[in-house]
Amino acid sequence: MNDNELKALISLLDDEDQEVVEHVEQRIRQMGGQMIPLLETEWEGSFNSTLQKRIEEIIHDLQYESVLDRMRDWKNGGAMDLLEGLWIVATYQYPDLSLAKLKQDVEQLFYDVWVDFKADMHPDEQIKAMNTAFFSKLKFAPNTKHFHSPANSMINQVLESRRGNPITLCVLYMLIAKRLNLPVYGVNLPNLFVLTYKNSSGVQFYINVFNRGLIFTTKDIDQYIDQLNIKRLETFYQPCTNADIVRRVLRNLTLAFEKNGDTDRVREVEQILNAVRDDGDGLPLSDYTQR
């Protein structure tokens, strides 16, 4: 079908015959995301509120299916690129968000830190330098005022506002550290996401990015777990996967929508979460917790 035929098809969404409308909707949905630009054009040129509402619903559903497809492909492809995973999450609310632009923004953060960084520093000094750059120079900080805002789970919003929750701040900190060749990884603690510095020489310690990069030890984690009165699991001490991180971001997003009473978005985000879940694997306790 050419553009004129597709536009004629879209116009039938306003037909008085409900069977015709349902058939047209089904046909448009079968065509997939390629229909979105034409649907948007027709929405802009229409003064019919009923037609606009139907178009809005179809566009949302097509964009949502695209998010699900991307997430499945990312997971099945090995979940290699963490930033890509966070970009897919963000496209749920920002469908036109550019992955290339996100990568460019993160690369700029790296250069801003790199100019003041010395690779031959002791690990403790490297992290202190990272902390100075991340919190003082780049001005990142916890979003304590709006802790449960959905924006805290959107990597583009955190980059723009310089405010985030523990996991999104950790992700950006880690992405910069990786570009500096620092062995920094995410760790799934209950109720709090942190980072670990773990090199091949056996040096390992932890970083609480939400507390301005506070450095702490394995014994501190022991005490933290004991205070929660739960069993010490290996996952509380060792690096987690990119898929683990994206799942936790999605759980935070689910909680944010629950607090807003947005049940439709809760249901949709849970479906995105299912797309990145490991088949048949039981989730560790830390994966059920938020923050």
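## Domain arrangement

The centres of domain 1 and domain 2, taken over C-alpha atoms, are separated by 35 Å. The model is a predicted one. In the domain assignment of the chain, domain 1 covers residues 3–77 and domain 2 covers residues 82–276. To the contact between them, domain 1 contributes 10 residues and domain 2 contributes 19 residues.

## Packing of α5 and α6

Helix α5 spans residues 82–90 and helix α6 spans residues 99–114. The two helices pack at an angle of about 125°, and their axes lie 10 Å apart. Angles of 65 to 115 degrees count as roughly perpendicular and those over 145 as roughly antiparallel; α5 and α6 are therefore oblique to each other. Their crossing is right-handed.

On the α5 side, the contact is made by L83, E84 and W87, while α6 supplies L99, L102, K103 and V106. Sorted by class, the contact of α5 with α6 comprises 5 nonpolar and 2 charged residues, with no polar residues.

## Annotated region

An unreviewed UniProt entry lists residues 102–251 under the name "domain: Protein SirB1 N-terminal".

Conventions. Residues numbered from 1 in each chain as written. Predicted model: local features only at pLDDT ≥ 70, side-chain atom pairs only at ≥ 80, totals over all residues. Heavy atoms only, no water. Axes fitted to C-alpha atoms, helices over the stretch in contact; angles between N-to-C directions. Helix = DSSP H or I, 4+ residues; strand = E, 2+ residues; numbered from the N terminus. Parallel < 35°, antiparallel > 145°, perpendicular 65-115°, else oblique. Left-handed = near helix turned anticlockwise from the far one by under 90°. Contact = heavy atoms within 4.5 Å. Nonpolar A, V, L, I, M, F, W, Y, C, P; charged D, E, K, R; others polar. UniProt positions renumbered as here; feature names shortened; annotations may be inferred. Domains from an automatic or database assignment.
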